[in-house]
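Keep the viewer open as you read.

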Amino acid sequence: MRPNSESLLDTIAALATPLGRSAIALVRISGDRTRAILSAVAPELPDPIQPRHPSLVELTTKDGDVLDKGLVTLFAAPATFTGEDLAEISVHGSPVVVERLLRTLIAAGARPARPGEFTERAYRLGKMDLVEAEAIRDLIDSRTEGAARAGAKRLAGALSSRLAAVREDLLAASVGLTATIDFAEDVGEAVDPAVAAHLRSARDALARLAASYETGRLLSAGCRVVILGRPNAGKSTLFNALVGSARAIVTEVPGTTRDTLEATIDVCGVPVDLVDTAGLRDTDDRVERIGVERAREEGEKAAAILYVYDASEGWTDADRAAVTVFDGRPVAVVANKVDRLGGAAPNAPSRDPAPLPLCGLAPEAGASLRSLLERTIASGVTSDAASEVLASVRQRDLVERARAAADQALRALEGGISPEYAATHVDSGLAALADVFGETTSEDVLQRIFSTFCIGK
C-alpha cells in the first residue's frame, strides 16, 4: 500500500516556470480548496467554474487591487497531473506580478509548495510509480539530448514495464513454491521445473539492470574530464577544438593558461564537464604556481584525464611521471603537433590504447578528440537502451538486492534445500521490487527523493 501524508490536506501553490523576466509565467495550484481560491482571486470566473475551459480574467487581491489579467484554467480531479483539483494561472512574466499573485493565493488559503510536492502528490494518489516520478526529476535536470530522451522514455514507463516483467517472474515462482509447500503431503516436495526457469529469468534480467547503472549515472550526473600536460603542449588548443569555439586564450608563450577554464560538451549523450588547466611544471612564478596546483587538484577530482604532450619534443620523463599519478582511472593520451614531424612517427609511450596523433589546429581535430572521449568514457552508453537503465543509487541497490535474492532462491532449489527456504528469498526479492516502485518506501526516503526536485513540479 502506498504511504499517505497529512500534507495532502493542504492546497498548495507555486511558480512552475523559471524565476526572472519572461513573456509568460505559470503558477500552479493543487488541492481541495483550488476552486474556492480561484473564485477569490478571479471573481470574474463563472460559477461554477467550467473545467478545462481557459478564461481570460482579471486577477485581484483581497482588497480589489488588480494584479494582472491572466489566463485561468481549472482541471477537475481525478483526471489531473496530481489527481486533485488543479489550476494553472498564466500571467505576464514579471517577478513582481508573480510574487504578488503568490501572496494573494496564500492569503486566500493556499500554502507554498515544497520542492517536488506536485509530483509527490501524483505519486501518492497513484498517478505514477516512484520510478516514473524520479524520471520527471531526471528529465528536468537533463543536460544533453540523450539524457532528456532517456528520461522521457522512463517517464513513459519503459523501465517500469521491464521491472514489472521481472516481478511477474518472481510472482510466478512464488506461486509455484507455495503450491509445493501447501500440497507437499499430496504431491511430495518436488518443485515444478517452471519455478527454476522463472527464477533464472528474473535473476538474469535483474543482473543486466544492475549493470546498467553506470550508463544511467553517466547520463544523469555526467563526467568530469580534465586536460593536463606540460606547458605549451597545446591543451587550450584541444579544449577549443572540443568546445567548437575559441574559449581559451592560445599563444606560443608557455604558461599562458594560469587558471582553470570549464565548458560542458555532449559526448554520446553524456554531459562532459571539460576542464582546461595550467601546464604542469615547477615554477618560481607565484601566480603560475597557483595555477599548477589547481591543475593537479582538478586532476585528482577528475573521472578521466586527457593528457596532452608535444609530439615534436617527444614523450619525456616528466610526462611519464605526470601520467603515473593517475593510474587506476581512464587516461587518454594525445600526441599533439604531429604536423611538425614532417610525416615521421611521434615518439610515443607504450600504452593501451596508443596515443592519438593529432594536429590540434586541423579542422578534423574536434571530431577526432570526441571519438577518443567516446572510447574512453562512453563506450558502454547505448542510446537505444538508455530508457531501461537504472538512474539512481536507490534503484541500483534495490535491484541488486532483488537479484541476490533470486540467485539464492535458485541455488537453494538446485542444492535440494527445502522449498520453504527458497520461498523466503523470493519474498525478499519481491519486497525489494515493491520498494523500487515506491509501494513500501519509508517516509524518510520519500522526503529525501522529492527534496531534490525543483519547486513547482
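Which unit do E10, helix H12 and E11 make? Residues 317-324 form H12, and together with E10 and E11 this helix makes a right-handed β-α-β unit. Bear in mind throughout that this is a predicted model.

## The chain overall

The secondary structure comes to 16 helices and twelve strands. The C-alpha atoms fill a box of roughly 80 × 80 × 35 Å along the principal axes. A compact globule of 457 residues would have a radius of gyration near 23 Å, but this chain has 29 Å.

Buried residues make up 49% of the 457 residues. Of the contacts with a separation of 6 or more, 68% are between residues 24 or more positions apart.

## The sheet around E10

The sheet that holds E10 is open and has six strands, in the order E8-E9-E7-E10-E11-E12, with mixed pairing. E8 and strand E12 (356-357) sit at the edges with a single partner strand each, so one side of each is left without a neighbour in the sheet. H12 packs on this sheet, where it touches E10 and E11, and its direction makes about 180° with that of E10.

Now for the pairings. Strand E7 (residues 223-229) runs parallel to E10, and five bridges join the two; Leu228 stands opposite Tyr307 in E10. E10 also pairs in the parallel sense with strand E11 (residues 331-336), over six bridges, and here Val308 has Val334 as its bridge partner in E11. E7 and E9 are parallel too, joined by five bridges, with Cys223 partnered by Val272 in E9.

## How covered is E10?

How many of the residues of strand E10 (residues 304-310) are buried? Seven of the seven are, so the strand is largely enclosed by the rest of the structure. In a regular strand, side chains alternate between the two faces of the sheet. In E10, Ala304, Leu306, Val308 and Asp310 point one way, while Ile305, Tyr307 and Tyr309 point the other way, and all are buried.

## Helix H10

Helix H10 (residues 235-243) is mostly covered as well, with seven of its nine residues buried. Those are Lys235, Ser236, Thr237, Leu238, Phe239, Asn240 and Leu242. What do they pack against? The partners are E7, strand E8 (261-267), strand E9 (270-276), E10, E11 and helix H13 (365-377). After H10 comes Gly244, with a positive phi near 90°.

## The other six-strand sheet

Another open sheet has its six strands in the order E3-E4-E5-E2-E1-E6, again with mixed pairing. Its edges are strand E3 (55-60) and strand E6 (111-112); each has a single partner strand, so one side of each lacks a neighbour in the sheet. Strand E2 (residues 22-30) and strand E5 (residues 86-93) run antiparallel and are joined by eight bridges. Helix H2 (residues 95-107) lies across strand E1 (12-15), E2, E3, strand E4 (66-75), E5 and E6, running at about 150° to E5.

Arg28 is worth a click. It belongs to strand E2 and stands opposite Glu88 in E5. Is Arg28 buried or exposed? Its relative accessibility is 6%, so Arg28 counts as buried, the cut-off being under 20%. Arg28 and Ile89 are 61 residues apart in sequence, yet 6.4 Å apart in space, C-alpha to C-alpha. Among the residues Arg28 touches are Ile12, Phe81, Phe118, Gly456 and Lys457.

Most residues other than glycine have a negative phi, and most peptide bonds are trans. Here are some spots to check against that. The peptide bond from Asp47 to Pro48 is cis, with omega near 0°, and Pro48 is in the loop between helix H1 (34-41) and E3. The bond from Ala77 to Pro78 is cis as well, with omega near 5°; Pro78 lies in the loop between E4 and E5.

Two residues other than glycine have a positive phi: Arg52, near 55°, and Lys337, near 65°. Arg52 is in the loop between H1 and E3 and counts as exposed, at 51% relative accessibility. Lys337, in the loop between E11 and E12, is buried, with a relative accessible area of 11%.

Technical notes. Residues are numbered from 1 along each chain as its sequence is written. This is a predicted model: local features need pLDDT of at least 70, side-chain atom pairs count only at pLDDT 80 or more; totals for chains, interfaces and linings use all residues. Side-chain values use heavy atoms; hydrogens and water are left out. Buried means under 20% relative accessible area, exposed over 50%, partly exposed in between (1.4 Å probe, protein chains only). Helices (H or I, at least four residues) and strands (E, at least two) are DSSP runs, numbered from the N terminus. Two strands pair if DSSP finds at least two bridges between them. A crossover is right-handed if, with the strands pointing away from the viewer, the path from the first strand over the helix to the second runs clockwise. Contact means heavy atoms within 4.5 Å. Axes are lines fitted to C-alpha atoms, for helices over the stretch in contact, and angles run from 0 to 180 degrees between N-to-C directions. The radius of gyration is taken over C-alpha atoms; the globule rule is 2.2 Å times the number of residues to the power 0.38. Lists of a residue's contacts leave out its neighbours within four places in sequence.
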